[in-house]
Amino acid sequence: RDLVRSRGLGDVYKRQKWRFAVDVTDKAEIRKQIKKLRNDMSQEDCQRISESICQRLFSLDTYKKKRHICAYISKGNEVDTRPIIEKAWNDGMLVYVPKVYGEVMHFIRIDSFEDVSKGRFGIMEPISDEISDPDDAVIIMPGVAFDHERNRIGFGGGYYDRYLEAHSGLTKIALAYEFQIVGHIDSEKNDKKPDLIVTEKHIIS
């Protein structure tokens, strides 16, 4: 079943055709449909909605109390994380970006965007290999889709699930467009949930 009946994002919001039917639970299908909707966004919509999501994040006491942040560098039409990283530097926070080594992911501190280059999967990664995984930090979790129980569909690699299994003390926050929140996602034993999901309209906790 097609989950998106209208190609225009404004139309999708207006008519709320982005909602999933209750019988759609297949993760591969959810991933396919949400990625299509996200890829169809205009740059203007992406920038405008990302700004709203970032402002909600900045208002959270959970975020403001931390001095360390682990954040991926967004690509394509993902919620833009660059303003988050830039504000963190301006606020005197230490910023750590993920780097993949085979099946393992670590975080490495960066002090400017000149400290990264394109790596695996076309994702920007630190040039340095000086691993510095922080113990007390906010970690921004990527994801394709989420539900109101904070279950998550990632990109299928399991990197964040494995990392968070080994670093359980981090405060986990996911950023998502409202259309990425779906009716239900089946969870598995090793899946790690964000503590909070921030969209342009809601904070799910």
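Predicted model: local features only at pLDDT ≥ 70, side-chain atom pairs only at ≥ 80, totals over all residues.

Student: How many helices and strands does the protein have?

Tutor: The protein has six helices and 12 strands. Of its 205 residues, 47% count as buried.

Student: And how much accessible surface is there?

Tutor: The accessible surface of the protein comes to about 10400 Å². Carbon and sulfur atoms account for 45% of that area.

Student: What share of the contacts join residues at least 24 apart?

Tutor: Among contacts between residues at least 6 apart in sequence, the share is 68%.

Student: Let us look inside. Which residues touch the most other members of the largest nonpolar core?

Tutor: Those residues are Leu57, Ile69, Ile140, Ile173 and Leu175, in a core of 57 residues. Helix α3 gives the most to this core, with six residues.

Student: Which residues of helix α6 are buried?

Tutor: In helix α6 (residues 159-166), the buried residues are Tyr159, Tyr160, Asp161, Tyr163 and Leu164. Their cover includes the strands β2, β3, β6, β8 and β9.

Student: On to charges. How many salt bridges does a search of the whole structure find?

Tutor: The search finds 13 salt bridges. In one of them, the side chains of Arg48 and Asp45 meet at 2.6 Å, N to O.

Student: Where do Arg48 and Asp45 lie?

Tutor: Both lie in helix α3 (residues 43-58), three residues apart, which is about one turn of the helix. Asp45 counts as buried because its relative accessibility is 14%, under the 20% limit.

Student: What about Lys64 and its salt bridge?

Tutor: Lys64 pairs with Asp61, and their closest N and O atoms are 3.7 Å apart. Because Lys64 and Asp61 are three residues apart in helix α4 (residues 61-64), about one helical turn separates them. Lys64 counts as partly exposed, at 46% relative accessibility.

Student: Which residues are linked in a network of salt bridges?

Tutor: Lys27, Glu188 and Asp191 are linked in such a network.

Student: Now a few single residues. Is Lys172 buried or exposed?

Tutor: Lys172, which lies in strand β9, counts as buried at 13% relative accessibility. Not counting residues up to four places away in sequence, Lys172 touches Ile139, Met141, Leu164, Lys193, Pro194, Asp195 and Leu196.

Student: And where does Glu200 lie?

Tutor: Glu200 lies in the loop between β11 (196-198) and β12 (203-204). At 12% relative accessibility, Glu200 counts as buried.

Student: What does the side chain of Glu200 reach?

Tutor: The side chain of Glu200 reaches the backbone nitrogen of Glu178 at 3.0 Å. Glu200 is also 6.3 Å from Ile49, C-alpha to C-alpha, although the two are 151 residues apart in sequence.

Student: One last residue. What is the phi of Arg150?

Tutor: Arg150 has a positive phi of about 70 degrees, although it is not a glycine. Arg150 is found in the loop between β7 (145-147) and β8. With a relative accessible area of 22%, Arg150 is partly exposed.

Notes:
Residues numbered from 1 in each chain as written. Heavy atoms only, no water. Salt bridge = Lys/Arg side-chain N within 4 Å of Asp/Glu carboxyl O. Helix = DSSP H or I, 4+ residues; strand = E, 2+ residues; numbered from the N terminus. Buried < 20%, exposed > 50% of the residue type's maximum accessible area, 1.4 Å probe, protein only. Core = buried A, V, L, I, M, F, W, Y, C linked by side-chain atoms within 4.5 Å. Contact = heavy atoms within 4.5 Å. Areas by Shrake-Rupley, 256 points an atom, 1.4 Å probe, with all protein chains shown as cover. Polar contact = N/O pair within 3.5 Å; in protein donor to acceptor, adjacent residues only side chain to side chain.
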